[in-house]
Amino acid sequence: MALVQNAPSNVNAVKRQKTVATPSAPSQLLRFEGHLHLRQRLVLATISGRPVRIDKIRLADDEYPGLADYEVSFLRLMEKVTNGSTLEISYTGTSLLYKPGVITGGKISHDCPNSRAIGYFLEPMIALAPFAKVPFHLTLNGITNDNVDICVDTLRTVTLPTLAKFLPTVESQIPLDLKITKRGAPPSGGGQILFQCPAIKSLKAGVTLTDPGLGVKRIRGIAYATRISPQMANRVVDAARSLLSRYIPDVYLYTDVYKGAESGKGPGYGVSLVAETTTSVLYSSECAYQPRKKAVQEMLKEGDEIPGLSLGSGALDTKDAGDADEDELVVGAAAKPPVSTATQDGILGHLQNDYTFPTPEDLGIRAARLLLTEIRKGGCVDSVSQWLAILMLALSPEDVGKVRVGTLTPMAVQYLRDLKQFLGVVFKIAEEPAEDPVDEEGNTRYTSLKGGVVLTCLGTGYVNVNKNVT
């Protein structure tokens with residue numbers, strides 16, 4: 001079956017296709033609505049050189065409309081890594097106009113707010129770093145591990161190796177590396193990381209990632225503890241190993257205990273797991289400890305003020321307590337939600353997504369089960385790195401590239417849609433080929449869950465015109 005995006009028929013068509021991807025091309029303004037997918041659209045606008053306007057950013061939120069604090073911080077980071085970009089934000093913060101400039105790179109330092117982890121800011125930078133003018137030396141300060149954004153351990157062990165598969169072999173004194181100099185647990189943070197990436201001219205041509213291998217050959221992981229007893233990390237390791245060792249025997253989990261200035265500003269612990277197949281395909285999972293938040297019912301009974309909650313008429317309802325002397329107070333329908341963020345839809349919705357584990361053993365078992373679920377999905381790219389593989393295939397030289405993934409994540413699906421608007425790249429999506437459940441020797445072969453697909457596209461031939469010629 002032919003690709004949806006056909007190869008250019010003449011030389012002029014090839015030049016036009018290249019021009020679409022270079023930042024110096026005259027471009028038309030793209031318009032979007034809503035705060036969702038803000039980061040990826042700004043990244044694609046910077047790479048493609050197309051200005052973008054985003055309207056109706058939390059327009060329905062009466063108390064706190066417009067951009068959140070972490071989104072404003074990300075916009076400031078984009079200004080630091082680029083030169084010549086202009087950013088216009090409306091008075092209410094509900095709309096913004098971004099005109100991209102040149103990705104400069106160099107030594108950059110940025111303080112991330114404690115409302116989001118460092119992974120929220122580092123993910124887009126990993127996609128922009130290879131196309132900078134000079135190599136990246138990015139220092140980020142803030143929370144390193146939480147249960148909302150991807151942790152820095154997963155970015156170091158899974159996302160960066162995925163990016164390395166698309167980078168050409170260049171002689172550079174700057175390696176592709178991520179160093180964790182300080183750990184920072186929520187809610188106080190205090191962590192620090194150093195991200196380094198060389199600048200390249202173009203990506204590899206015709207990258208094909210379709211062989212997931214014969215199965216997982218080893219599992220590695222790291223359990224950390226900051227300003228808390230080292231026994232917490234040991235208990236997490238024992239619980240996770242007890243479950244994973246029943247899958248394969250080659251399981252080795254490290255413990256990393258931070259003390260003093262390197263331990264951040266608050267106590268915390270967590271674990272990051274990585275499974276590697278026979279063809280070096282990586283699957284990951286992670287879990288982090290979060291302090292248990294006081295329930296709404298407890299706060300109402302004790303008379304404490306609920307942050308961001310305005311109690312008006314109908315906010316408190318009474319429920320008959322039967323033989324009890326006092327009626328029980330419950331939150332009524334008229335109670336207004338707290339500050340709206342990308343991951344919170346009110347106090348009750350936030351409590352339902354509160355990943356608090358009673359014991360370290362529960363956290364270790366949870367992380368191990370998430371890893372086994374990720375392995376079961378199959379594919380040649382981990383779920384957290386699907387978007388990166390899709391973007392690199394679209395920016396690769398003019399050759400056919402393929403990648404086999406498990407179940408597409410919502411972020412990857414939206415990336416496919418945005419790539420069509422920014423770069424004009426259309427992917428062919430086909431079901432992954434059926435596998436024989438029995439091998440040649442008659443043994444039962446491991447098969448992944450149904451729902452995996454093979455993504456195929458023709459690269460746009462993106463060339464980094466910003467890189468200095470040496």
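Arg58 sits in the loop between β2 (52–55) and α3 (69–81). Helices and strands here are DSSP runs (H or I of at least four residues for helices, E of at least two for strands), numbered from the N terminus. Arg58 has a positive phi of about 50 degrees, although it is not a glycine. With 7% relative accessibility, Arg58 counts as buried. Buried means under 20% relative accessible area, exposed means over 50%, and partly exposed is in between (1.4 Å probe, protein chains only).

A quick word on what you're looking at. This is a predicted model, where local features need pLDDT of at least 70 and side-chain atom pairs count only at pLDDT 80 or more, while totals for chains, interfaces and linings use all residues. Residues are numbered from 1 along each chain as its sequence is written, and side-chain values use heavy atoms, with hydrogens and water left out.

**The overall picture**

The protein has 11 helices and 20 strands. It runs to 470 residues, and 51% of them count as buried. Among contacts with a separation of 6 or more, 74% are between residues 24 or more positions apart; contact means heavy atoms within 4.5 Å. The accessible surface comes to about 22100 Å², and carbon and sulfur atoms hold 51% of that. These areas come from the Shrake-Rupley method with a 1.4 Å probe, and for residues only the protein chains shown count as cover.

**Strand β12 and its partners**

Strand β12 (residues 216–226) has 8 of its 11 residues buried, so the rest of the structure largely encloses it. On one pairing, β12 runs antiparallel to strand β14 (residues 268–277) over 10 bridges, and Thr226 stands opposite Gly268 in β14. Strands count as paired if DSSP finds at least two bridges between them. β12 also pairs with strand β13 (residues 251–258), this time in parallel, through 8 bridges. In that pairing Ile219 stands opposite Val251 in β13. To get from β12 to β13 the chain passes through helix α6 (residues 231–244), and this β-α-β crossover is right-handed. Right-handed means that, with the strands pointing away from the viewer, the path from the first strand over the helix to the second runs clockwise.

Arg227 lies in the loop between β12 and α6. Arg227 has a positive phi of about 50 degrees and is not a glycine. Arg227 is partly exposed, at 47% relative accessibility.

Helix α10 is mostly covered, with 10 of its 10 residues buried. Among those buried residues are Gln386, Trp387, Met392 and Leu395. The cover over them includes α2 (38–48), α4 (118–128), α5 (152–164), β18, α11 (410–422) and β20 (453–458).

Ser396 is in the loop between α10 (386–395) and β18 (400–405). Ser396 is buried too, with a relative accessible area of 3%. Its side chain reaches the backbone oxygen of Leu393 at 2.7 Å. Leaving aside residues up to four places away in sequence, Ser396 touches Leu203, Lys204, Gly459, Thr460, Gly461 and Tyr462.

**Cysteines, and a few other spots**

How many disulfides does the structure hold? It holds 0. A disulfide is a pair of cysteine sulfur atoms within 2.5 Å. Cys151 is in no disulfide, and the nearest cysteine sulfur, that of Cys287, is 9.8 Å away.

Thr162 belongs to helix α5.

Pro186 and Pro187 are joined by a cis peptide bond, with omega of about 5 degrees. Pro187 is in the loop between β9 (177–182) and β10 (191–197).

| Residue | Relative accessibility |
|---|---|
| Cys151 | 2% |
| Cys457 | 1% |
| Thr162 | 8% |
| Arg58 | 7% |

How values were computed: Polar contact = N/O pair within 3.5 Å; in protein donor to acceptor, adjacent residues only side chain to side chain.
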